Amino acid sequence: MSDEKEKLTIAKEDKKVKKLNLREATSCPATLQMIKRMDEDGNDSVFHRAAEMKPCPIGAESACCKNCFMGPCRLNAKDPYAKTGVCGANIDTIAARNFARAVASGAAAHTDHGMGMLDAFRGVVRGTVGHFKIQDEAKLRSVAESIDIPTEGRTVKEIATDLYEELERTYTQVEGEIPFAKRVPPKTLEQWRKAGVVPRGAMREIMEIMHRTHIGVDQNYKNIVTQCSRTALSDGWGGSMVATEISDIMFGTPTPRVAGVNMGFLKEDHVNILIHGHEPLLFEGMIAASQDPVNIEKAKAAGAKGINLLGMCCSGAEVLGRHGIPHAGNFLSSEPVIATGAVDAIGVDVQCIMQALPKVAECYGTKVYTTNYRAKIDGAIHIQFDEHNPLDAPTKIIELAVERFKNRTVKVIIPQRQDWGVHGFSHEYVTYMLGGKFRGSYVPLNDNIINGRIRGVAGVVGCNNPRVKHDEVHVEVVKELIKNNVLVVQTGCSQIALAKAGLLKPDAAVLAGTGLQEVCETVGIPPVLSLGSCVDNSRILIACAEMVRMGGLGDKISDLPVAGCAPEYMSEKAISIGHYFVASGVFTVFGVTFPSVENTKFHDYLFRGLEEEGFGKWGFAVDPHDMAQMMIDHIDKKRAALGLAEERERKLFSMEDRRAAEG
Ligand code: SF4
Ligand code: MSK
């Protein structure tokens with residue numbers, strides 16, 4: 001190549017590659033330190049790739065259809081009704097179908113996760129699974145009773161067998177209502193029945209949505225949204241709820257415990273193993289294998305002081321609350337944590353595992369081990385996890401991690417950040433903490449909402465997305481909410497962001513408004529409660545149902561002064577979660593971008609029409625303060641409708657008040 005031509009090529013390349021502004025990428029100091037290291041080492045990360053990859057504007061606005069091969073058809077989001085697709089599909093149909101397919105994929109991910117849990121539970125019930133067993137019999141009984149399975153005078157095996165068979169219907173049933181529909185407040189269920197959205201079985205709903213979004217089938221956006229609701233509800237009150245409840249029954253219902261988050265929990269002198277993904281089975285197997293004296297001895301023989309386990313993403317969020325295992329970071333930290341050089345093995349199962357991990361692992365001398373036949377990755381080593389022998393794959397991974405520890409060649413740099421907080425709230429614990437062992441109920445929560453100390457409750461959940469500054473939006477939304485006396489409950493990567501920001505500590509109550517602060521100090525809780533992984537959003541649904549059942553806040557979920565948001569979402573699962581909250585009656589605000597075209601009938605239906613029909617509705621904002629304000633306004637609207645706009649508590653008049661009143 002001539003000099004001139006070479007210069008031109010380099011100039012072109014420079015123009016193409018937008019430089020990543022590291023400081024604007026993340027508000028997490030540990031992640032920043034590691035992406036700087038990656039940058040200096042010439043390795044790219046999700047942040048670098050996001051800077052280089054401009055989102056396709058047509059796809060981003062859901063104005064593109066690829067549902068048949070006469071297309072792809074691109075409509076103009078600025079003039080959405082100017083054109084149709086080749087088949088005549090208009091913008092409302094195209095956007096609704098795209099949205100519906102995201103709901104289907106997200107719901108499938110959660111329900112398949114739940115199915116994985118049910119597979120293991122079936123093995124436990126039938127005695128074909130080694131090591132795992134039913135650890136929480138009280139939870140087994142309460143879940144069984146909630147769907148009318150008799151428990152009085154029956155053995156654990158009898159109840160568990162019936163529960164397994166009943167919950168299998170969540171997936172396979174072709175007519176009728178999914179079992180957990182029995183937990184839905186009666187007035188909400190009545191409204192679902194009228195609207196035709198009570199799920200039959202998840203497999204049927206997901207199959208039907210894929211059929212209805214095929215070319216030439218459902219071409220009425222409202223009808224498509226109805227099936228979105230039915231499918232999303234089969235996730236929230238179906239697949240996700242089964243996943244949560246079975247995990248609690250098999251591995252124990254979480255109770256609050258102090259646990260640590262961030263990369264500072266890696267230990268240079270230990271064999272560090274990271275578990276990343278979603279289903280708790282691999283992690284539970286790994287916990288047991290890492291405590292096996294034989295495996296500990298192998299690590300010591302290699303010169304390590306022991307085996308150090310850490311979680312990542314939702315796998316980590318679940319065991320953080322259940323067992324207090326430290327958490328290394330949320331979704332966008334999954335590459336940076338490998339760049340520490342301290343990770344000796346990364347075991348992954350399903351969901352949110354970036355294909356880039358094996359390459360980053362190679363750069364820092366470590367390995368990624370896939371363990372679920374559903375999720376293999378080029379460049380990773382596959383060691384199949386078998387729930388019948390749940391310690392086998394973890395033991396192999398430990399052995400390979402020990403080998404890597406012995407042969408570490410990469411300089412280890414561990415960011416010195418350790419953030420402590422309280423994790424592991426569950427709907428059961430919220431009952432207990434407010435009323436004690438014998439008077440446990442949601443009455444004190446409802447009372448504090450009625451008397452105005454707590455303005456309302458907000459769920460702040462979901463992923464990270466490199467299109468916005470990592471963690472910052474989560475943290476700012478939550479700070480604004482608690483300042484305004486809104487109690488916040490959290491799941492997934494969002495709660496890890498808040499844990500890193502120190503808001504999961506009881507002393508974070510000083511950042512709350514006076515009413516919420518008073519409640520937190522009396523009960524001894526933080527103003528932000530961490531509930532677990534993505535599937536544990538089902539705990540929020542159960543809490544909403546319980547608030548309705550306790551009375552004083554209306555008779556439907558849509559009456560409650562509650563709201564939800566996913567400020568940095570990125571996954572299709574988040575769309576399914578958002579839509580099951582909306583269909584359940586909750587106002588739900590998303591950040592980053594929204595997959596619909598403004599000024600269209602479909603968009604208006606999601607953002608306004610659904611509420612008119614008695615459901616919740618969608619909202620969208622990019623700025624965290626706008627997001628919080630939208631939620632607060634909605635909470636106030638619901639309080640006003642319940643007649644709670646004014647503080648109801650008796651106010652003692654001071655002398656000054658008396659003088660003012662007497663004029
Ligand atoms: Fe185009 Fe219609 Fe085919 Fe979609 S289904 S790609 S709008 S022709
Ligand atoms: S892991 S779905 S990035 S919360 Fe559940 Fe985090 Fe979102 Fe994955």
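Analyst: Happy to! A cavity here is a set of points on a 1 Å grid over the protein atoms alone, where a 1.4 Å probe fits but cannot get out, and its volume is the space filled by probe spheres set on those points. Please keep in mind that this is a predicted model.

With that in hand, the second largest cavity holds about 80 Å³ of space. Its lining is made of 13 residues, and those closest to the centre are Cys-65, Cys-68, Cys-73, Cys-87 and Arg-97. Sorted by class, this lining has 8 nonpolar, 3 polar and 2 charged residues.

Helix H23 (537-550) is among the elements that supply at least two lining residues each, as are helix H18 (427-439), helix H24 (572-584) and strands S11 (456-460), S12 (486-490), S14 (562-566) and S15 (587-590). H23 gives the most, with 6 residues. By class, the lining of the largest cavity has 27 nonpolar, 11 polar and 2 charged residues.

For context, there is also the shell around ligand 2, where domain 2 (263-406) and domain 3 (422-662) each contribute at least three residues. Among its members are His-278, Cys-313, Cys-463, Met-570 and Lys-573, and the shell comprises 8 nonpolar, 3 polar and 1 charged residues.

Note on methods. Residues are numbered from 1 along each chain as its sequence is written. Chains are lettered from A and ligands numbered from 1 in the order in which they are written. This is a predicted model: local features need pLDDT of at least 70, side-chain atom pairs count only at pLDDT 80 or more; totals for chains, interfaces and linings use all residues. Side-chain values use heavy atoms; hydrogens and water are left out. A residue is near a molecule or strand if one of its heavy atoms lies within 4 Å of it. Ala, Val, Leu, Ile, Met, Phe, Trp, Tyr, Cys and Pro count as nonpolar, Asp, Glu, Lys and Arg as charged, and the others, Gly among them, as polar. Domain bounds come from an automatic or database domain assignment. Helices (H or I, at least four residues) and strands (E, at least two) are DSSP runs, numbered from the N terminus. On a 1 Å grid over the protein atoms alone, a cavity is a set of points where a 1.4 Å probe fits but cannot get out, and a pocket is an open set with protein on both sides within 12 Å along at least five of seven lines; lining residues have an atom within 4 Å of a point.
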